[in-house]
Amino acid sequence: MCINITAVRGREDIRLRETQETEVRIPQPLQENIMYYKRFSFNYDKEVLFNIFKSSELTRKQVYLHANNLPLDQLPCMNVFNRQLNDLEYSMAKIVGDTGFHVSPRNNGLILFPVNGIVRFTFLEDTVDADTPIIINGKQQHTYGPTCDDTIFFAIKIPSYMMWADAINLL
Amino acid sequence: MINNKYVFELDVKFNTDELIKIVNNRKVSGLRSHQQNAADYEYTNYLYNKHHKILGKIWNYYHLTPHTGFRKHIDARRPTALNIPLYGHEGSTTKFYEMPADGLEYNDRMVAYDINKDVQETFSFTLTNPSIINVSEPHSVESGPQDRLILSWGIVVGFEEAKQYIKEHGIN
């Protein structure tokens, strides 16, 4: 599977090009608090990611079970923020507990792709279930955790030098 | 004036006499011992209402006795802070460090990630003016030969966003 996102500076839309035949448009909610998060449409194969996770060696760290040595060529080939995936930090993990309220210490948030189950993010004044691809503002105080026993996600970390407003416009 | 990836010094004046009075006559907030609600005091409520887009609802005060400090850490629940020196800043030092690849340990009492490993110091300065501080970067504080008191108000947006806001709207 290889999926490309071409983000165009100054435009709100995202152009998707992919090798798959179909494109599924995910309904957008009427209201979302873009200080905290923004959903976006993106085609990817959850099953491929799920199988990668299930066949990976896992390392427990805090509330996560991280998949080690992810095969880069099988992950969504995304050009995010005009950077290739291999220039960015990313991870695939099963989350087994709540993180507790925090702001992200090493990055500005997550671009999260649900793989199995749903991660629930709680901000001070809002809650959102990550049941679609979503970008999360890590500099707003938040906590997140699983909503079922086998909640797995793939996430790309927003670089710490990138402002939130730029991140959501570039994605 | 310092303006780098850690510190943005501000050429603004706050009513420090009033802030010292507020800290000295602080209320029982029901929060952690170093925290107060902005809404509980006329002056801080005024500042909060004026700049609620970036200022949090809670401000902290940090009192250090001579030659004490806070070890290397990253703030856990606020990405950025507006630090206002109230007194005793002479001889104090705030240091910043490179970000470690791992080894952050959450410290619930301090509401911070402790950094329990050697990391390279990258910048240091003395807080003498109100400043926006990038508390998402590893930093430590040592007081000088006097008691040191600062007000440290959490900002709810990242460092660069805070700088941009203040350039456009001011902060006092």
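Predicted model: local features only at pLDDT ≥ 70, side-chain atom pairs only at ≥ 80, totals over all residues.
Buried, in what follows, means under 20% relative accessible area.

Start with helix H1 of chain B, residues 16-24. Looking down the axis of H1(B), the buried residues fall within an arc of 160°, so they line one face of the helix. The face turned away from that buried side carries B:Asp17, B:Lys21 and B:Asn24, which are exposed.

What covers the buried residues of H1(B)? The cover includes helix H2 (42-50) of chain B, along with strands E3 (55-64), E5 (80-87) and E12 (148-155) of that chain.

Now the interface. The size of an interface is often given as the accessible area lost when the parts come together. Here chain B and chain A bury about 1,400 Å² between them, and 52% of that is on carbon and sulfur atoms. Chain B puts 21 residues into the contact and chain A puts in 14.

On the polar side, 9 residue pairs are in polar contact between the two chains, counting pairs with both residues at pLDDT 80 or more. Two elements of chain B give two or more residues to the side touching chain A: strand E4 (69-75) and helix H3 (159-169). H3(B) gives the most, with 3 residues. By class, that side of chain B has 10 nonpolar, 4 polar and 7 charged residues.

Last, the count of salt bridges between chain B and chain A is 1. B:Lys57 forms a salt bridge with A:Glu125, with the closest N and O atoms 3.3 Å apart.

How values were computed: Residues numbered from 1 in each chain as written. Chains lettered and ligands numbered in written order. Heavy atoms only, no water. Contact = heavy atoms within 4.5 Å. Buried area = accessible area lost by both parts, 1.4 Å probe. Salt bridge = Lys/Arg side-chain N within 4 Å of Asp/Glu carboxyl O. Polar contact = N/O pair within 3.5 Å; in protein donor to acceptor, adjacent residues only side chain to side chain. Helix = DSSP H or I, 4+ residues; strand = E, 2+ residues; numbered from the N terminus. Nonpolar A, V, L, I, M, F, W, Y, C, P; charged D, E, K, R; others polar. Buried < 20%, exposed > 50% of the residue type's maximum accessible area, 1.4 Å probe, protein only. Arc of directions from axis to C-beta.
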